[in-house]
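This briefing goes through the model shown below, topic by topic. Please keep the sequence and the structure in view while reading.

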Amino acid sequence: MREALSWQPDFEQLVDEHQSMVFSLAWRMTGDRGLAEELAQDVFLELDRHLHRLGSANHARYWLRQVTLHRAADALRRKRAKAASLGTDLWVELEERHVLVEPVDTDDDSPLGRRIEALLAGLPESQRAAIILRYQEEMTPDEIAVMMNAPLATVKSNLQRGLKLLRVKASQTLKEFVRGA
Amino acid sequence: MEHNERMDEKEMAEFEQKLRIALQHREAPLGLKQRVLARSRERRQAERGRWSLVHMAQRIAASAVLAAIFGSVAVYRHVEERRKGEAAREQVLTALRITNKTLDRVGDKLAENSR
């Protein structure tokens, strides 16, 4: 409460502090680096407009995660609708399943991380979101349920199924990952 | 059986730990912050521009309302003065009529007396 009263939001500082979180969420949800950057910019501009409604730093972080997830889901929906209207479902599906995550050659990128992201891209959207929030953002299943406006049982089931699926995929493609690199 | 389950749990826990490491935050693209701040400045400027247009329109509207009020007051005063003038003229005419009648009566009386 005291934090809410004394919180003086500094937009530039918030961008600085959360840009990698927002960008990572958007990228891992959409699997498209360019789209993720666009989404991150849009999310921060929306934050700029809504800053006066946020009461604390925690509230701002929660808001950023939630809005990023929603925007990413909207972007995926638009992408699918566009592909469907062009009659390219099969191509997009193949792309989403196999080459959705673009390889990036930067020094800070671990090959393992890249491969895990590629496997994540093959998961259903709800499972992918639950896993990203759980293991990237370290959120508890209860917090995820509140954020995704879903029953706790659904979130737990998404996490379990997603993990299992990811592990199976990993064991098929990344032997060293499962057995301990 | 139990041993297998324990192994499975252990492997899953290890897998989760590796997942955590693999899913650490990625570095944001270079210049993302600058681009966001530039777009934010543009938006604020556009908003200020929109507000100044709204303010100008409000000032014009307020001036029009004031002009209408002053005009109405002037017209009202003019009509009122004219009405008062008409009433005064009527009163003067009535007074003249009364005076005329009185003078007529006085004239008649004087004519009777002189006869």
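Which residues have the most contacts inside the largest nonpolar core? In this predicted model, that core has 38 residues, and A:V22, A:A26, A:A40, A:I131 and A:I132 are those with the most contacts inside it. The points below begin with the two chains and the confidence values, and then turn to the core, the contact between the chains and selected residues.

**Chains and confidence**

- Chain A contains 10 helices and 0 strands, so that, by the DSSP runs, its pattern along the sequence reads α-α-α-α-α-α-α-α-α-α.
- Of the 181 residues in chain A, 29% are buried, and among its contacts with a separation of 6 or more, 64% are accounted for by residues 24 or more positions apart.
- Chain B has 2 helices and 0 strands, and buried residues make up 5% of its 115 residues.
- The average pLDDT of chain B is 89, with 96% of the residues scoring at least 70, while the complex as a whole is given an ipTM of 0.75 and a pTM of 0.69 by the predictor.

**The largest nonpolar core**

- Two or more residues of this core come from each of α2 (11–30), α3 (33–50), α4 (57–86), α6 (111–120), α7 (125–136) and α9 (152–173) of chain A, and also from α1 (2–22) of chain B.
- The element that gives the most to this core is α2(A), with 7 residues.
- Because domain 1 (1–100) and domain 2 (103–174) of chain A both give residues to this core, it lies between them.
- A:A26, one of the residues with the most contacts inside the core, is in contact with A:A36, A:L39, A:A40, A:T68 and A:A72 when its neighbours within four places in sequence are left aside.

**The contact between the chains**

- On the two sides of this contact, 27 residues of chain A meet 21 residues of chain B.
- The side of chain A that touches chain B receives two or more residues from each of α2, α3, α6, α7 and α10 (175–179) of chain A, and α2(A) gives the most to it, with 10 residues.
- By class, this side of chain A has 14 nonpolar, 7 polar and 6 charged residues.
- A:S20 lies in helix α2 of chain A and, leaving aside its neighbours within four places in sequence, is in contact with B:H25, B:R26, B:E27 and B:A28.
- Although A:S20 and A:A40 are 20 residues apart in sequence, their C-alpha atoms are 9.2 Å apart in space.

- The 12 residues of α7(A) reach 15 Å from the first C-alpha to the last, which is close to the 16 Å expected at 1.5 Å a residue.
- Since 10 of its 12 residues are buried, α7(A) is largely enclosed by the rest of the structure; the buried residues are A:Q127, A:R128, A:A129, A:A130, A:I131, A:I132, A:L133, A:R134, A:Y135 and A:Q136.
- After α7(A) comes A:E138, whose phi is positive, near 55°, and which lies in the loop between α7 and α8 (141–148) of chain A.
- A:E138 counts as exposed because it has 10 C-beta neighbours inside 10 Å.

- Most residues other than glycine have a negative phi.
- A:N149, which is not a glycine, has a positive phi of about 55°, and its place is in the loop between α8 and α9 of chain A.
- With 7 C-beta neighbours inside 10 Å, A:N149 counts as exposed.

- A:R71 is found in helix α4 of chain A, where it is buried, with 22 other C-beta atoms within 10 Å.
- Not counting residues up to four places away in sequence, A:R71 touches A:L39, A:D42 and A:V43.
- A:R71 and A:M29 are separated by 42 residues in sequence, and the distance between them in space is 9.8 Å, C-alpha to C-alpha.

Technical notes: Residues are numbered from 1 along each chain as its sequence is written. Chains are lettered from A and ligands numbered from 1 in the order in which they are written. This is a predicted model: local features need pLDDT of at least 70, side-chain atom pairs count only at pLDDT 80 or more; totals for chains, interfaces and linings use all residues. A nonpolar core is a set of buried Ala, Val, Leu, Ile, Met, Phe, Trp, Tyr and Cys residues joined through C-beta atoms within 7 Å. A residue is buried if 20 or more other C-beta atoms lie within 10 Å of its own, exposed if 12 or fewer, and partly exposed in between; C-beta atoms are placed from the backbone. Helices (H or I, at least four residues) and strands (E, at least two) are DSSP runs, numbered from the N terminus. Domain bounds come from an automatic or database domain assignment. Two residues are in contact if their C-beta atoms, placed from the backbone, lie within 7 Å. Ala, Val, Leu, Ile, Met, Phe, Trp, Tyr, Cys and Pro count as nonpolar, Asp, Glu, Lys and Arg as charged, and the others, Gly among them, as polar. pLDDT is the predictor's confidence in each residue, from 0 to 100. The expected span of a helix is 1.5 Å times one less than its number of residues.
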